[in-house]
Amino acid sequence: MSGVKPKKALGQHFLTDLGVAGRIASTLDDYPDTPVLEIGPGMGVLTRFLMEKHPYPLLSVAEIDSESVAWLKEHLPSPQPRIVEGDFLQMDMAELFPGDEPFCVIGNYPYNISSQIFFRVLDYRERIVCCSGMLQREVAERLAAPPGTKARGILSVLLQAWYDVEYLFTVSENVFNPPPKVKSGVVRLTRNGVRDLGCDEALFRTVVKTGFGQRRKTLRNSLRSLLPPGASADALPYASLRPEQLSVEQFKEITRAVSSLRANASKL
């Protein structure tokens, strides 16, 4: 087996630049003794750098492509990381990392499922202390987008509620096989100190998703459907703004206001 053929259906673009791989691996340097899960190692360019920094048994890799799994088992030096064949989106992290110990996630993420990966990270936010890696630049910029920018979206707010998100650097399309049609960006998410949003978490997610579902409208119009009959959307804070203008804290305020209007309506 001389190599692995990138598969379009899996969104595979194998990184070939060792310098870039080393820079990505270094994003976890602050966590030398923390277990690491690499998603989609492909032919192990990033994996080899991670093995130097996080030797067995700290490093595990998850790969959905059976051809890549076979290549890694044949070519990675010993002691090899734990190699798990399967879809990260379907894996039970409690089985991979038993107990309640924290772990990190890293990868050259497939473009076609990168957003789903970060929603999955949110599900395990109490254990994933750092998540870094490379994805399509447009999506990477969206994750880190501050209030008042057009790139800001649902994932921007939901991730920034629980993580400090940094856009680190841009990567040319020419360092991949095959080259993607767009540039890539490297981001790092570091768990912040928030353990409780101070509002109904499920409702917070609904408010954010509903607001951005009609992002061209003001929140007065887009959030009207979340209010009880007879309640005025003008009672909401920041009703005249659009969702991309709001910070996480402001979305929390709106969530509390929606919750209060619902509670008052239920008493009538």
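How many bridges join strand 2 to strand 3? In this predicted model, strand 2 (residues 36-39) and strand 3 (residues 59-63) run parallel and are joined by four bridges.

The largest pocket has a volume of about 500 Å³ and is lined by 33 residues. Of these, Q12, G40, E63, N108 and P110 lie nearest the centre of the pocket. At least two lining residues each come from strand 1 (14-15), strand 2, helix 2, strand 3 and strand 8 (176-177). By residue class, the lining of the largest pocket comprises 19 nonpolar, eleven polar and three charged residues.

The second largest pocket holds about 220 Å³ of space. Its lining includes P6, K7, K8, G11, Q12 and H13, together with Y111 and the residues P178, P179, P180, K181 and V182. Six of the residues lining the second largest pocket are nonpolar, three are polar and three are charged. Q12 is named for both pockets, being among the residues nearest the centre of the largest pocket and part of the lining of the second largest pocket.

A search of the whole structure finds one cavity of 30 Å³ or more, and the largest cavity contains about 50 Å³ of space. The residues that line this cavity are L122, R125, L158, W162, L197, E201, F204 and R205. Helix 8 (residues 201-213) gives the most to this lining, with three residues. The cavity lining divides into five nonpolar and three charged residues, with no polar residue.

A further position considered is S266, which is located in helix 10 (residues 248-267). S266 has a relative accessible area of 58%, and S266 is therefore classed as exposed, the cut-off being over 50%. Computed along the sequence, S266 is 219 residues from T47, and the C-alpha to C-alpha separation of S266 and T47 in space is 55 Å.

Methods. Residues numbered from 1 in each chain as written. Predicted model: local features only at pLDDT ≥ 70, side-chain atom pairs only at ≥ 80, totals over all residues. Heavy atoms only, no water. 1 Å grid on protein atoms, 1.4 Å probe; cavity = no way out; pocket = protein on both sides within 12 Å on 5 of 7 lines; lining within 4 Å. Points joined across faces, edges and corners; volume = space filled by probe spheres on them. Nonpolar A, V, L, I, M, F, W, Y, C, P; charged D, E, K, R; others polar. Buried < 20%, exposed > 50% of the residue type's maximum accessible area, 1.4 Å probe, protein only. Pairing = 2+ DSSP bridges.
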